[in-house]
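Subject: The structure to look through

Hello,

Here is the structure for you to open alongside this email. Have a look around first, and then read on for what turned up inside.

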Amino acid sequence: MNNDSDQLTITRRMRGLPSSCVRDLMKATEGRDTISFAGGLPRPDLLPLAAVREATDRVLLREGGSALQYSSTEGNLELRALIAEQLLAPRGVRVSPEQVLITSGSQQGLDLLGKVLLEAGAQVALENPSYLAAIQAFGLYEPEYLPVEMDEEGVLPDALARCCRDQNPSFFYAIPDFQNPTGRLYSRERREEVVEVLARRRLPLVEDAPYSHLAYGDEPGPMLAASYGAHSFVMGTVSKVLAPGFRIGWVAGPQRWIEPLVKAKQATDLCTGAFVQRIVAELLRELDLPEHVARLRAAYRKQRDAMLAALAEHMPPGVMWTRPAGGMFVWLTLPAWLDAREVLARTLPRGVVFALGESFSPDGCYRHAMRLNFTNASEAAIRQGIAILAEEVKALF
Ligand SMILES: Cc1ncc(COP(=O)(O)O)c(C=O)c1O
């Protein structure tokens, strides 16, 4: 084990792959008393502990040893049906259970789509900024990224149209509901305009929607895929509403694409944990989801408000931030000359961390930005953490 062979070299695709700054920070601060605005974690005391315990007992008593077997690669059919009926149909997406593939977190969905859809050098259009771990996941398949600018209402239709006209993307990756990292929600008009642009070019859509339930004001409208239909893949997860520890997500898409995705998943992990799939199915059947979601919304709304109020109180002029109507994140922009790494170098020893904006763009263009999570810290910790963050920002002005 100690004599590493010189014969081995790491692959080209791995050499170029950046590490996730969020995961690195989580590791660096593990076991330390930290106010973390870095991750996208739910608050542990809001996870449905009692319901999970009861669901687990019921599954074991009812199904005995078979509850602990492998699952098919596609996933538990009952869970797939529940996702289609309870989570996708209400958002306007009509798919059969057979069109839903259960994945090990929606993160695996990103990887499988990359495996199946991207040749090396293929182009991927995506919002700018976008989810850092999607950039990382697709990155393994060596695409060329085409970042498309956004405003408060979502991706800019003209910029997307230009990208479609001048380039040749394989698909457009979008997070229209309370986007990661900006928290932005596409307006209804913008949804229609974006679908029109996609339809003109018949550009496939990968719509990632982990935050749709976490609305603190307006509900998101129908998914883009609801009107775009046949050319879309939608991805979801129970991580933000039930528990990230389950590692249960899904990809739903055109029937003909399910088979290659299943083959890619077979090669990766055979199947997602069958026991957990059954527990999640039981929860979707038995838990009062609207009531649980209402509890999450009430708590996170207050935490968001605490963060926005603390930012308004402490940040100096010249610093800007989004005011998200849902989700888990505020996107903060410093004056262009100020590097968020310098801020992090000063807040880390004081026990406050955040995600660097540069990780959320393939070209690293947001060096002066940061993503702040408000769901994992108490209101008091948020106030304290933002005060420290603002002190260190001011010290660099
Ligand atoms: C936009 C987006 N997609 C996918 C994921 C992955 O979620 P999971 O793998 O926990 O389902 C996340 C997690 O933060 C996310 O923000």
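One term before we start: the domain bounds used below come from an automatic or database domain assignment. Please keep in mind that this is a predicted model, where local features need pLDDT of at least 70 and side-chain atom pairs count only at pLDDT 80 or more, while totals for chains, interfaces and linings use all residues. Residues are numbered from 1 along each chain as its sequence is written, and side-chain values use heavy atoms, with hydrogens and water left out.

Let's begin with the pockets. A pocket here is an open set of points on a 1 Å grid over the protein atoms alone, where a 1.4 Å probe fits, with protein on both sides within 12 Å along at least five of seven lines; its lining residues have an atom within 4 Å of a point.

The largest pocket has a volume of about 710 Å³ (the space filled by probe spheres set on the points, which are joined across faces, edges and corners). Domain 1 (12-48 + 291-395) and domain 2 (64-286) both contribute to its lining, so this pocket lies between them. There are 37 lining residues, and Arg23, Gln107, Tyr131, Ala133 and Arg247 are the ones nearest the centre. Helix α5 provides the largest share, six residues (helices are DSSP runs of H or I with at least four residues, strands are runs of E with at least two, and both are numbered from the N terminus).

The second largest pocket holds about 490 Å³ of space. It is lined by 24 residues, with Gln86, Leu87, Arg91, Ser212 and His213 closest to its centre. Here α12 gives the largest share, four residues.

Now for the interior. A nonpolar core is a set of buried Ala, Val, Leu, Ile, Met, Phe, Trp, Tyr and Cys residues joined through side-chain atoms within 4.5 Å, and buried means under 20% relative accessible area with a 1.4 Å probe, protein chains only. The largest such core has 89 residues, and Leu88, Phe246, Phe354 and Leu372 have the most contacts inside it. Helix α12 (residues 289-314) gives the most to this core, with ten residues.

Which residues does Leu88 touch? Leaving out residues up to four places away in sequence, its partners include Val93, Met223 and Trp250 (contact means heavy atoms within 4.5 Å).

Best wishes

Technical notes: Buried means under 20% relative accessible area, exposed over 50%, partly exposed in between (1.4 Å probe, protein chains only).
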